[in-house]
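Please look at the sequence and the model shown here before reading on.

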Amino acid sequence: ELAELFLTERQHVPAAEAPGAAGASCSWLREDGAEDAWIVRHGRLADMTILPVPGGEPGPAASIAAEAALVETGRPVLLAPAAPFALGGTVVVAWNARAPAARAVASALPILARARAGEVVSVEEAGRPADPRALAEWLRWHRVQATARRVARGGESVANARDAACVQSGAALLVIGAWTHSRLRELVFGGVTAHALRAARIPVLMAHCAARA
């Protein structure tokens, strides 16, 4: 009920129980039972699933819900920190030229088109350097004012180097592919997906696909 009150009273979004309302509308639905099951059921029929980012280490329920939304819905997931946020500023795209990252960019295109600016950031990775300029050019074909930047890790993890780039750019949103390396590898060694689920400080739009990268 608090979420509905926030939208209707604070944001002036009208409540609607059926399609046809002019502009944005909202409705409230309460579900009981296993959270991951109903997130998947509703998420497959949604444009996007929005989930909170827990502070510190996420609990098992939060991790299961986020993983279910990313893997089972086929739709993008927006991880939103607890603090108020706006999506109209600079959008940073973390680009490694792998299939999940490509899907995330396609999912974020409507937001990128409305953003003040877009920046494609490729963090140095051994064995497979990605060229951010190619994606920035593609985004410009879609009327996104995009620039490109390569980021050296300098001994940092990919996730920390990417987060530093977001701070430098004043990013309002980060777009990344989820599990661009194998999920088992990230489970054992950690990775950018786990880092985003655990410690995102700005909204993060993520998408996953099972295609081999």
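## A pair of strands

Strand S6 (residues 171-177) runs parallel to strand S7 (residues 204-207), and the two pair over four bridges; strands count as paired if DSSP finds at least two bridges between them. Within this pairing, Leu-174 has Val-204 in S7 as its bridge partner.

This is a predicted model, in which local features need pLDDT of at least 70 and side-chain atom pairs count only at pLDDT 80 or more, while totals for chains, interfaces and linings use all residues. Residues are numbered from 1 along each chain as its sequence is written, and side-chain values use heavy atoms, with hydrogens and water left out.

## The sheet and the chain

Seven strands form an open sheet with mixed pairing, in the order S1-S2-S7-S6-S3-S4-S5. At its edges lie strand S1 (49-52) and strand S5 (146-151), each of which pairs on one side only.

The chain has eight helices and seven strands in its secondary structure, where helices (H or I, at least four residues) and strands (E, at least two) are DSSP runs numbered from the N terminus. Of its 213 residues, 41% count as buried, a term that means under 20% relative accessible area, with exposed being over 50% and partly exposed in between (1.4 Å probe, protein chains only).

## Nonpolar cores

A nonpolar core is a set of buried Ala, Val, Leu, Ile, Met, Phe, Trp, Tyr and Cys residues joined through side-chain atoms within 4.5 Å. In soluble globular proteins, nonpolar side chains tend to be buried together.

The largest nonpolar core has 28 residues, of which Leu-51, Leu-79, Leu-174, Ile-176, Val-204 and Met-206 touch the most other members. At least two residues of this core come from each of several elements, including helix H3 (60-72), strand S2 (77-80), helix H6 (158-169), S6 and S7. Apart from this core lies another, of 23 residues, among them Ala-101, Ala-130, Leu-139 and Ala-146.

Val-204, not counting residues up to four places away in sequence, touches Val-77, Leu-78, Leu-79, Leu-173, Leu-174, Ile-176 and Ala-196; contact here means heavy atoms within 4.5 Å.

## A buried threonine

Is Thr-90 buried or exposed? Thr-90, which is found in strand S3, counts as buried because its relative accessibility is 10%. Leaving aside residues up to four places away in sequence, Thr-90 touches Arg-116, Ala-117, Ser-169, Gly-170, Ala-171, Ala-172 and Leu-173.
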